[in-house]
Each structure stands twice: as C-alpha cells, then as structure tokens.
Amino acid sequence: MTQTSDNVTWLTQEAYNKLKDELEYLSGPARTEIAAKIAAAREEGDLRENGGYHAAKEEQGKQELRVRQLTQLLEHAKIGETPADDGVVEPGMVVTIAFDGDEDDTMTFLLASREYASSDIETYSPQSPLGVGVNGKKAGDDAEYELPNGKKATVKILSAKPYTG
C-alpha cells in the first residue's frame with residue numbers, strides 16, 4: 001500500500017517488488033519490442049504519412065514516461081508493513097463508509113496512491129478530499145470532507161480492513 005508524503009512514498013515489500021518488476025520489463029524487453037516496431041514501421045516508407053510509425057513513437061514516449069515515473073517513485077520509496085488490522089483508516093486500508101450516516105447508501109474503496117490502484121476496487125488518494133477526511137478515523141467515527149462545490153459532506157466509517165490485493 002502506498003502513502004505519498006512530500007517526496008516519500010511508503011510501499012509494502014509486495015508493492016515495491018511489483019513496481020520494480022514493471023520497471024525492469026519496461027527498461028528491457030519492452031524497449032526492445034518498441035524499437036522493433038519503430039524499425040519495421042520505418043521500413044514502410046514515407047514517415048510523414050506512416051500511422052504505424054507515429055503510433056509506435058507515441059507508445060515509446062508513454063513507455064519512457066512511465067520508466068521515469070517508476071524510477072523516481074522507487075528511488076524515494078520507503079518499505080513498510082501492511083497496516084495493522086485495527087480499524088483505523090490509513091493508506092492501504094479498504095474502507096467502507098455510509099453517506100450521511102445512512103447505512104443503505106454505502107461505498108467501499110481502497111485508500112492508496114494511484115500507483116497501487118486496482119481494477120478490482122475503486123481507489124481514493126490519501127490527498128483527495130475524501131481521503132483527507134477519513135484518514136486517521138476509526139470504525140464508528142464520523143468524518144467530514146469538502147465537496148467540489150465547496151459544501152461539506154459527512155460520512156460514517158463502517159469498517160477499515162487491510163487491503164490484501
């Protein structure tokens with residue numbers, strides 16, 4: 001799980017290993033693959049009207065950006081443990097809240113930075129208005145946060161459990 005504070009990102013060993021593996025792939029085999037795509041597209045002729053070439057160059061740019069992001073993230077990472085299962089909301093926890101205390105209107109999400117976002121569960125950053133509002137609260141507590149229109153919203157923390165991925 002991650003928490004970004006200034007330039008330090010807290011990661012579990014598992015998250016660190018996953019991001020390091022991605023970086024190694026992007027820096028090695030993926031670079032070789034994209035170079036081959038660019039070379040093959042270049043051989044097709046006029047580069048000004050070569051959609052395959054431009055698409056491959058764009059993909060290469062995105063890939064190199066991700067390499068730089070991962071490199072910086074891992075350089076500043078601190079390895080920590082999965083949060084304790086103590087019901088306190090913190091990064092790395094799956095949180096269930098009830099809007100305005102209505103236990104029929106609930107939402108469950110992972111409180112973590114986007115590097116750990118999962119397609120399995122909605123993820124909110126600890127720096128988001130909701131993340132700031134719930135961080136540090138316990139199951140049973142009420143939390144308040146600011147909506148985009150400037151109004152305040154209240155939620156009740158129903159549970160907070162460590163994310164097991």
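In helix α2, the buried residues are A30, I34, I38 and A41. Buried means under 20% relative accessible area; exposed means over 50%, and partly exposed is in between, with a 1.4 Å probe and protein chains only. Around the axis of α2 these residues cover an arc of only 70 degrees, which puts them on the same side of the helix. The arc is taken from the directions that run from the helix axis to the C-beta atoms. What do the buried residues of α2 pack against? They pack against α1 and α3.

A quick word on where this comes from. The model is predicted, so local features need pLDDT of at least 70 and side-chain atom pairs count only at pLDDT 80 or more, while totals for chains, interfaces and linings use all residues. Residues are numbered from 1 along each chain as its sequence is written, and side-chain values use heavy atoms, with hydrogens and water left out.

Back to α2. It has 14 residues. From first C-alpha to last it reaches 20 Å, close to the 20 Å expected at 1.5 Å a residue. The expected span is 1.5 Å times one less than the number of residues.

A30 counts as buried because its relative accessibility is 4%. Which residues does A30 touch, not counting those up to four places away in sequence? Y25 and Q63. Contact here means heavy atoms within 4.5 Å. A30 and Q63 are 33 residues apart in sequence, yet 8.3 Å apart in space, C-alpha to C-alpha.

Now the helix pairs. Two packed helices are described by the angle between their axes and the distance between the axes. Start with α2, residues 29-42, and α3, residues 51-75. Their axes come within 8 Å and cross at roughly 160 degrees. That makes α2 roughly antiparallel to α3. Axes are lines fitted to C-alpha atoms, for helices over the stretch in contact, and angles run from 0 to 180 degrees between N-to-C directions. Under 35 degrees counts as roughly parallel, over 145 as roughly antiparallel, 65 to 115 as roughly perpendicular, and the rest as oblique.

α2 passes α3 in a left-handed crossing. Left-handed means the near helix is turned anticlockwise from the far one by less than a right angle; right-handed means clockwise. Who meets whom? On the α2 side we have A30, R31, I34, K37, I38, A41 and R42. On the α3 side, the partners include Y53, A56, Q60, Q63 and V67.

Next, α1 against α3. These axes come within 10 Å and cross at roughly 145 degrees. This crossing is left-handed. From α1, the contact is made by Y16, L19, K20, E22, L23, L26 and S27. From α3, it is made by Q63, R66, V67, L70, T71, L73 and L74.

And α1 itself? It covers residues 13-27, which is 15 residues. It reaches 21 Å from its first C-alpha to its last, close to the 21 Å expected. A15, L19, L23 and L26 are buried in α1. Seen down the axis, they fall within an arc of 70 degrees, so they line one face of the helix.

Let me zoom out. The chain has four helices and eight strands. Helices (H or I, at least four residues) and strands (E, at least two) are DSSP runs, numbered from the N terminus. In order from the N terminus, the elements run β-β-α-α-α-β-β-β-β-α-β-β. Of the 165 residues in the chain, 35% are buried. Among contacts between residues at least 6 apart in sequence, 52% join residues at least 24 apart.

I157 sits in strand β8, residues 152-162. I157 counts as buried because its relative accessibility is 0%. I157 and I97 are 60 residues apart along the chain, but their C-alpha atoms are separated by 4.6 Å. I157 also touches V89, V134 and A143, among others.

L11 lies in strand β2, residues 8-12. L11 has a relative accessible area of 2%, so it is buried.

Last stop: N50, in the loop between α2 and α3. Is N50 buried or exposed? Buried, with a relative accessible area of 5%. Leaving out residues up to four places away in sequence, N50 touches A41, R42, E44 and G45.
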